[in-house]
There are 2 protein chains.
Amino acid sequence: MNNLKDMVFSAKNIAVISHINPDGDSLGSALALAVTLSTINSNVTLYINDVLPAKYEFLPEVHRFIMFKEEELEEFDITFVLDCGDIDRLGSSRSLADRTKNLVNIDHHVSNNHYGDINIIDVKASSTSQMVYHLIDEILQLPITPEVATCLYVGIVTDTGSFKYDNTSPETHRVVAKLLELGVDIEDITIHLFQNNSYKGVKFLGEFLKSLEILIDGKLALATISLQMLNKYSLDPDETDSIINYGRDIKGVEVAVTLKEVDKNLIKISLRSKTNIDVNEIAKAFGGGGHKKASGATLKGTIEEVRERVVEEVRKAFMHNGDGSHCAIGIRNR
Amino acid sequence: MNNLKDMVFSAKNIAVISHINPDGDSLGSALALAVTLSTINSNVTLYINDVLPAKYEFLPEVHRFIMFKEEELEEFDITFVLDCGDIDRLGSSRSLADRTKNLVNIDHHVSNNHYGDINIIDVKASSTSQMVYHLIDEILQLPITPEVATCLYVGIVTDTGSFKYDNTSPETHRVVAKLLELGVDIEDITIHLFQNNSYKGVKFLGEFLKSLEILIDGKLALATISLQMLNKYSLDPDETDSIINYGRDIKGVEVAVTLKEVDKNLIKISLRSKTNIDVNEIAKAFGGGGHKKASGATLKGTIEEVRERVVEEVRKAFMHNGDGSHCAIGIRNR
C-alpha cells in the first residue's frame, strides 16, 4: 500500500464521493477521509449526489459536501469511492469515475465488483468507516482529529446497529476504543442519531402498532400502512423504513411483514426474518427480492387481497422449513 | 490485591449475591464470578433474592442461582456482593453479610457506601461486569470461558444501553473486544435481550403513543397510562419502565413525563431529561426524587389534576433555566 500513500501525497487534486441514498457509514467515511486529506492537499473535493438526510446535518464539517454538477467537472488525479459495491450506485457522479486517473474503491460489501484501479475490499470489516480508520492511521499515517474520529464513529455505530449486528468484531471494538480516546462525544452523537425522532413519526408508529397482528401461531407479525395513513403523516421515507422491526422484535415471531399501500391497488411489501426462514425466497414468489433476512416486493391488488396472498406464501415457507405442524393454528380472518 | 487472590484460593466456601430487582449487570457479573470460582472451589453458592426476569433466563448456567433461605444459612469464608451500592439492597439475604468472615463489595456506583471488609469500587467502570472481567483476568488470573464471557457481555451491553450511555469508555470497548474473541454470540444475545418483546407490550405501546402529546413549545412530552389500560394489558413492571423514552427521544423534547394511574386518585409520575433540566428538582417539588436525568414521585388526584400540576412545575423549571421566552406558547388544554 506504499503506492497508495505516494500517490496520495503527490496528487494534484483528489475527489471523494459517497453513494446515492447515503447512510451514516457512507457519509462518515467520506467526510473523515476528505477532511484528513485536506490537511495535506488544498484541492480535495467531497461530492454528494443526494440531499443530506437531516439526522446527519450535525456531522463535523458537513458543509464540505457539495452537490455534483456534471458541467463543472474537473479531471482528478485520484477519486476515492467509499462504501459503494457497484459503480452505478454513484448516481449522477458516475461520470467522474471515467474522468479520473486513479479510481480507488474502498468497501466492505461482499457484493463489491472491484470496479476500481485500486480496490481495497474487506468483507470482514463492520463498515467502510472502520476501514478508513486503518487507511488514515496505518497507510497514510496521518493524525486523526476529534472531528474525524466523530465521523468514523458515526459510520461504525450506524452500520453495526450500535454494535448489535453480527458484522461487529473484536476489531470493531478495538477501533472504537481508539476513536473514543481521540475525543468522541458519545452523548451528543446519541442525541442526534437516536433521540431526534419526529413527533409525527412517533404518532404514526402508534397507529402502525394498532394495525399489527400476529398470525400463524405467533410466528408471523403483519402490519399495514394505508395510503390514508401515509398522506395524513407525510413522513420521509427513512422514517418508515425500520418500523417493521417492531413486528420482528416480538417474542416468537420469525417473520415480520409490512404491507404499504403506495397507490390505489398497489402494495409494497417488506419482509424481515429473525430465524432461518429465507424471506428472499418469499419475495421472489412475488417478483421481488433482497437478502435472506430482509426483502421486498410490489404487488397489485387491494390490501386485503395482497394480505391473503402474503400470509399464504409465508405459511408455505414455514411448512417447507419443517414447522408444518403448527401452521393450521392462529390464522385469523381467513 | 494479592491478599484477595490468596483469600479466594484458600477459602473453604464462597457465596456470591446479586441485588434485589436484579438487572443484566447484577445477574451477569454474579453468574460470571460464581461460575469461574466453581472451577477452583466446589463450595460456591450463588444467591438471588427475587424472581429471575424472564429475559435473562437464557444466560449460561443460570440454573446456578438459588433462592436465599434464611433457615439454611451457612457461614461463609467469603461473600461477594456485586453491583450493590447499599447493603440494604440485598433484601432478605442481608443477614448473610453478618455471618460471613470476609465481605467483598464490588461495585461501580458513585453512591456506594463502602460497607465491605474489602471494597473494590470503580466509579469510572461502565458496569460491575467490566470490573469482574479484570478481577478474573488480572487479580484471580483464571481463564474466562465462552459462557463466562457471555455473562459479562450481557452485563456490559445492558448497563451501557448498547454502548450509547456516557459511562462507556475506551476501556469498555477494549474489554468487549476481548470478550468477543473468547466466543460471545452477539446475534443470539441480541435476539434474547432486544427482539423478545411481548405482543401485548407492543399493543400497549401503540395505545401509550396515542396518548402522547407535546407541550410547552415542543419541549415537554407527556403521556398517560390509565388504570384501565394497565388492567387491560396486565404487563410486568419492567415492560412499562422504559416506555417514557419514546417521549424523551422526540426532536426538541427536553423533558418527558409519564403519568401512571396506579390506583383511583393515585398517580405515579416518571420524569426524564435529555438536556440540562434537572428533573430531580421537579420530582422533589412533589415529594419524590431520583437523579438529574431520571426521577419520579407519587401524587394524589385525578390524572387531569396531576397533569395540570406537573405541566406547571415543568414550565417553571424551563423558566428558571432561562427559556422563559417560549413558555407561554404551546400549552394545550389549560
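Trainee: Which residue is the bridge partner of B:Tyr47 in β3(B)?
Mentor: B:Ile66 is that partner. Keep in mind that this is a predicted model.

Trainee: How do the two strands there run, and how many bridges join them?
Mentor: Strand β2 (residues 44-48) of chain B and β3(B) run parallel, and three bridges join them.

Trainee: What is the strand order of the sheet with β2 and β3 in it?
Mentor: The order is β3-β2-β1-β4-β5-β6 in chain B. That makes an open sheet of six strands, with parallel pairing.

Trainee: Which strands are at the edges?
Mentor: β3 (65-67) and β6 (118-121) of chain B, each of which pairs on one side only. On average, neighbouring strands in this sheet are turned by 25 degrees against each other, direction ignored.

Trainee: Which strands does helix α2 of chain B lie across?
Mentor: Helix α2 (residues 24-37) lies across β1 (14-17), β2, β3 and β4 (76-82) of chain B. The helix runs at about 165 degrees to β2(B).

Trainee: And what does helix α4 of chain B touch?
Mentor: Helix α4 (residues 128-139) packs on the sheet and touches β4, β5 (100-107) and β6 of chain B. Its direction makes about 120 degrees with that of β5(B).

Trainee: Switching to the other sheet. What is the order with β7 in it?
Mentor: In chain B the order is β7-β8-β9-β10-β12-β11. This is an open sheet of six strands, and the pairing is mixed.

Trainee: Why is one side of β7 and of β11 left without a neighbour in the sheet?
Mentor: Because β7 (213-215) and β11 (289-290) of chain B stand at the edges, and each has a single partner strand.

Trainee: In which sense do β8 and β9 pair?
Mentor: Strand β8 (residues 220-225) and strand β9 (residues 255-263) of chain B pair in the parallel sense, over six bridges. B:Ala221 stands opposite B:Ala256 in β9(B).

Trainee: Which strands does helix α8 touch?
Mentor: Helix α8 (residues 199-211) of chain B packs on the sheet and touches β7, β8 and β9 of chain B. The angle between the direction of α8 and that of β8(B) is about 130 degrees.

Trainee: Moving to chain A, which residues does UniProt list for the DDH domain?
Mentor: The unreviewed UniProt entry lists residues 13-156 of chain A for "domain: DDH". Over that range the chain is 29% helix and 22% strand, with the end C-alpha atoms 28 Å apart.

Trainee: And which for DHHA1?
Mentor: Residues 229-317 of chain A, again from an unreviewed UniProt entry. There the chain is 38% helix and 29% strand, and the end C-alpha atoms are 30 Å apart.

Trainee: Now pockets. What volume does the second largest pocket have?
Mentor: About 190 Å³. Its lining has 13 residues, and A:Ile120, A:Met131, A:His134, A:Leu135 and A:Ile139 lie nearest the centre.

Trainee: Which helix gives the most to that lining?
Mentor: Helix α4 (residues 128-139) of chain A, with six residues. By class, the lining of the second largest pocket has seven nonpolar, two polar and four charged residues.

Trainee: How many cavities of 30 Å³ or more are there?
Mentor: One. The largest cavity has a volume of about 40 Å³.

Trainee: Which residues line the largest cavity?
Mentor: A:Val35, A:Thr36, A:Thr39, A:Pro143, A:Thr145 and A:Val148. By class, three are nonpolar, three are polar and none is charged.

Key: Residues are numbered from 1 along each chain as its sequence is written. Chains are lettered from A and ligands numbered from 1 in the order in which they are written. This is a predicted model: local features need pLDDT of at least 70, side-chain atom pairs count only at pLDDT 80 or more; totals for chains, interfaces and linings use all residues. Side-chain values use heavy atoms; hydrogens and water are left out. On a 1 Å grid over the protein atoms alone, a cavity is a set of points where a 1.4 Å probe fits but cannot get out, and a pocket is an open set with protein on both sides within 12 Å along at least five of seven lines; lining residues have an atom within 4 Å of a point. Grid points are joined across faces, edges and corners, and a volume is the space filled by probe spheres set on the points. Helices (H or I, at least four residues) and strands (E, at least two) are DSSP runs, numbered from the N terminus. Ala, Val, Leu, Ile, Met, Phe, Trp, Tyr, Cys and Pro count as nonpolar, Asp, Glu, Lys and Arg as charged, and the others, Gly among them, as polar. Two strands pair if DSSP finds at least two bridges between them. Contact means heavy atoms within 4.5 Å. Axes are lines fitted to C-alpha atoms, for helices over the stretch in contact, and angles run from 0 to 180 degrees between N-to-C directions. UniProt positions are given in the numbering used here, feature names are shortened, and annotations may be inferred rather than shown by experiment.
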